[in-house]
Amino acid sequence: MKSLSVKQFNQYIKTSFKHDPLFQNVSVKGEIANYKISHNHIYFSLKEENEIIDCVIYYYYEQKDIEDFNNGDEVIVDGNLIYNSFFSKISISVNDIEKRGLSEEYLKFLKIKEDFLKKGYFDKDTKKTICDYPKDIGLITSDKSAAIVDFLSVINKEISDINIYLYPVKVQGLSAKDEIINAINVLDKKNLDAIVITRGGGSKEDLKVFNEKDIVEEIYKAKSPIISAIGHKIDLSLTDLVSDLSLQTPTEAGSYLVRNYKKIRQDINKIFIDIQKTLNRNIELKELKLNNLKNSLDSYSLDKLLDEKTKNVNEIFEKIKNNLNLNIEKKEKDLEIIKYKLNSLKSILDIKKKSIFIKDFDGNFIYSKYSLKNKDKVNIVFSDGEVKAEIYDG
């Protein structure tokens with residue numbers, strides 16, 4: 001037989017579904033699970049015990065008499081089988097859906113829940129306290145789950161001395177219940193600060209093991225505080241209700257356990273910042289004091305004193321120089337005045353010299369020496385008076 005390509009094989013399946021009467025106009029009864037509305041379509045699964053088939057109602061708002069359905073409702077759906085070649089997934093494209101009430105399985109779940117509620121298994125007063133700084137933590141999850149990485153990555157972000165005791169289990173399937181119960185038993189004997197039961201993502205149907213009565217009983221009687229983080233915030237499982245603390249994801253569980261360690265780190269960071277600010281302020285004050293001291297020392301420094309003295313000497317020298325210049329100018333002016341006066345006196349003397357006359361006793365002016373002879377008496381007339389004289393050797 002010739003081999004088919006993947007595309008040819010998928011096309012063959014699609015064609016078979018489309019033309020085979022067995023796969024058209026099917027009618028199936030089951031319990032609704034994993035019910036959700038997305039992009040104008042309704043998606044859900046029909047289940048019976050551990051068997052499921054996926055269903056979809058396309059453009060549900062265009063169909064009449066579509067009731068509100070919930071997980072746990074027993075319904076009969078009519079539709080056609082379709083094959084999604086991208087996911088290799090078979091689904092029922094629903095043309096009609098009829099509600100038949102709550103399924104026996106869901107009624108059984110509600111009965112178990114009610115019984116535990118009456119026994120006080122879910123009472124807040126019975127919850128065990130988780131210490132503020134847990135050190136020894138038990139972890140129950142699949143060793144193939146991303147939950148381990150998510151949980152540990154949050155724990156390792158903070159500085160702490162937390163020790164993790166991993167007990168790997170299956171978190172769905174027939175053996176999951178017994179493995180989880182055994183894990184709780186083993187870890188509870190270690191006197192741990194808390195035990196975390198967690199898993200990665202999954203549909204609500206994948207979480208059905210966490211509604212098992214025996215697991216609820218084991219969690220309730222455990223001495224260690226137990227944290228559930230199995231993925232659904234709405235429609236809590238019985239494990240969520242009986243656990244001492246219910247969280248949504250492995251990351252959230254890890255964050256809760258290190259919350260106070262994180263606060264310590266934040267407090268230490270705040271203290272460090274405050275110390276740094278205080279040191280910076282002290283450094284600024286010291287720098288200010290040093291600058292003041294430097295200024296004070298500068299005011300008493302030899303160079304500055306010499307500069308000031310030199311400046312003072314220069315100022316004194318300038319004053320002396322200016323005074324000397326003023327005195328010299330004054331003396332020069334006084335000399336000029338004296339010189340002027342002397343010149344004036346000289347002029348007067350010259351005039352007076354020129355004003356000397358010689359007269360005889362009769363008052364006649366004598367202008368020539370030839371007019372005189374020996375023993376003649378004369379009057380010499382000066383500008384300031386007269387004197388008598390006798391001529392000899394004349």
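This is a predicted model: local features need pLDDT of at least 70, side-chain atom pairs count only at pLDDT 80 or more; totals for chains, interfaces and linings use all residues.
**Exercise 1. Find how the rings of Tyr 121 and Tyr 220 are arranged, and where the two residues lie.**

Step 1: Rings pair if their centres lie within 6.5 Å, and planes under 30 degrees apart count as stacked. By this rule the model has eight aromatic pairs.

Step 2: The ring centres of Tyr 121 and Tyr 220 are 3.8 Å apart and the planes meet at 10°, so this pair is stacked.

Step 3: Now place them on the chain. Tyr 121 is in the loop between helix H2 and strand S6, while Tyr 220 is in helix H5; they are 99 residues apart, so the pair links distant parts of the chain.

Step 4: Ring pairs also join Tyr 121 and Tyr 220 with Phe 116 and Phe 122 in a cluster.

**Exercise 2. Decide whether Tyr 133 and Tyr 261 are buried, partly exposed or exposed.**

Step 1: Look at the pair. Tyr 133 and Tyr 261 are edge-to-face, with 5.4 Å centre to centre and 80° between the planes. Tyr 133 sits in the loop between H2 and S6, and Tyr 261 in helix H8, 128 residues apart.

Step 2: Buried means under 20% relative accessible area, and exposed means over 50%.

Step 3: Tyr 133 has 44%, so Tyr 133 is partly exposed. Tyr 261 has 9%, so Tyr 261 is buried.

**Exercise 3. Which rings have the charged ends of Arg 259 and Lys 388 over them?**

Step 1: Start with Arg 259. Its charged end sits over the ring of Tyr 256, 3.9 Å from the ring centre.

Step 2: Turn to Lys 388. Its charged end sits over the ring of Phe 361, 4.7 Å from the centre.

Conventions
Residues are numbered from 1 along each chain as its sequence is written. Side-chain values use heavy atoms; hydrogens and water are left out. Rings of Phe, Tyr and Trp (its six-membered ring) pair if their centres lie within 6.5 Å; planes under 30 degrees apart count as stacked, over 60 as edge-to-face and the rest as tilted. Helices (H or I, at least four residues) and strands (E, at least two) are DSSP runs, numbered from the N terminus. Buried means under 20% relative accessible area, exposed over 50%, partly exposed in between (1.4 Å probe, protein chains only). A charge sits over a ring if NZ of Lys or CZ of Arg is within 6 Å of the ring centre and within 35 degrees of the ring normal.
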